[in-house]
Amino acid sequence: MAVCVAVIAKENYPLYIKTLPNENELKFHYTVHTSLDVIEERIHSVSKNTNDLRELYLGLLYPTEDYKVYGYVTNSRIKFIIVIESTNATIRDNEIRSMFRKLHNAYTDMVCNPFYTNGDIIEST
Amino acid sequence: MADEVLFDYLHMEMIHEFFNENYKKEGKSEESMTTLELLGFRVGQCVIERLTKDSPRFKDELDAMKFTCKDFWMSVYKKQIDNLRTNHQGVYVLQDNKFRLLTNLSSGKQYVEAAPRFLAFPCGLIRGALSNLGITSVVTAEVAIMPACKFQIQIQRV
């Protein structure tokens, strides 16, 4: 179960950050912010393995003592970040990938919503 | 599967509506081209979002331009761009020798003056697609002989 999910826009400001209710939100905002640096580095690095560069899913960005942070970048430079607890060892890579897939699909549907202007904060009642 | 002509007819009616008498009377006909272009912009953004969902990441700008010429053009106009030229300094020229939105008008010099209004929406489409891929640009189009047309894309580097 993800502890925090964030959608970051092209210009690196957050469109949507949601954390589990009982947790300290500020800490996750900070974690997401620092993970942006890691993402930038991964996107821009010239890798010998060009296959790596072509994937949308970035995988485990970095582990902290309590949490693991996963990243995913779309072609329109929207970043999705998922933070999960390290104690939850049963989560596999495939499941994370499918979580990102669903996020991407939901995001695409939202962009096509006529009431949504590109760059707005994502809200839903 | 929707027929291709549905979009053609809708587009023609849109142009007809924007350039008809009501707009001329209120003096808004100059804005019509801009409005059409903005419509294309928004549509281009959405289309690109859906199309790039499954494709691998682009290495650079040229990659994004090639994607626009092949996959994007294929899905919107059911054919590929005939010619892509660049001066490697941010100017790209896309040439389509049989542009789908112009084939029904004429195939020669007739109606060349009216052609620009049919190209406002496609220009916006390209600009929207590129902007969602992270490229700010200015897109203009010109027609010499129907139905061939050239789109000139100028990348704005900040």
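## Exercises on helices, loops and a buried strand residue

Helix α1 (residues 4-18) and helix α6 (residues 115-132), both of chain B, pack at about 115°, their axes 10 Å apart. The model is predicted: local features need pLDDT of at least 70, side-chain atom pairs count only at pLDDT 80 or more, and totals for chains, interfaces and linings use all residues. Residues are numbered from 1 along each chain as its sequence is written, chains are lettered from A in the order in which they are written, and side-chain values use heavy atoms, without hydrogens and water.

**Exercise 1.** Describe how α1(B) packs on α6(B).

*Solution.* 
- Step 1: Helices (H or I, at least four residues) and strands (E, at least two) are DSSP runs, numbered from the N terminus. Axes are lines fitted to C-alpha atoms, for helices over the stretch in contact; angles run from 0 to 180 degrees between N-to-C directions.
- Step 2: Two packed helices are described by the angle between their axes and the distance between the axes. For α1(B) and α6(B) these are about 115° and 10 Å.
- Step 3: list the contacts (heavy atoms within 4.5 Å). α1(B) supplies B:Phe7, B:His11, B:Met12, B:Met14 and B:Ile15; α6(B) supplies B:Arg117, B:Phe118, B:Phe121 and B:Pro122.
- Step 4: sort them. Seven are nonpolar, one is polar and one is charged (Ala, Val, Leu, Ile, Met, Phe, Trp, Tyr, Cys and Pro count as nonpolar, Asp, Glu, Lys and Arg as charged, the others, Gly among them, as polar).

**Exercise 2.** Which residues of α1(B) are buried, and which are exposed?

*Solution.* 
- Step 1: apply the cut-offs. Buried means under 20% relative accessible area, exposed over 50%, partly exposed in between (1.4 Å probe, protein chains only).
- Step 2: read off the buried set. In α1(B) it is B:Asp8, B:His11, B:Ile15 and B:Phe18. They cover an arc of only 105° around the axis, so they sit on the same side of α1(B). The arc is that of the directions from the helix axis to the C-beta atoms.
- Step 3: turn the helix over. B:Leu6, B:Tyr9, B:Leu10, B:Glu13 and B:His16 are exposed on the other side of α1(B).
- Step 4: recall the rule. An α-helix has 3.6 residues a turn, so residues three or four places apart point the same way.

**Exercise 3.** Repeat the analysis for helix α3 (residues 93-111) of chain A.

*Solution.* 
- Step 1: check the length. The 19 residues of α3(A) reach 27 Å from first C-alpha to last, close to the expected 27 Å (1.5 Å times one less than the number of residues).
- Step 2: find the buried residues. They are A:Ile96, A:Phe100, A:His104, A:Tyr107, A:Thr108, A:Met110 and A:Val111. Their arc is only 155°, which puts them on the same side of α3(A).
- Step 3: look at the other side of α3(A). A:Asn94 and A:Lys102 are exposed there.

**Exercise 4.** Where are A:Asn12 and B:His88?

*Solution.* 
- Step 1: A:Asn12 is in the loop between β1 (2-8) and β2 (14-19) of chain A. Its phi is near 70°, positive in a residue other than glycine. A:Asn12 is partly exposed, at 33% relative accessibility.
- Step 2: B:His88 is in the loop between β1 (83-86) and β2 (91-96) of chain B. Its phi is positive, about 60°, although B:His88 is not a glycine. B:His88 is exposed, at 65%.
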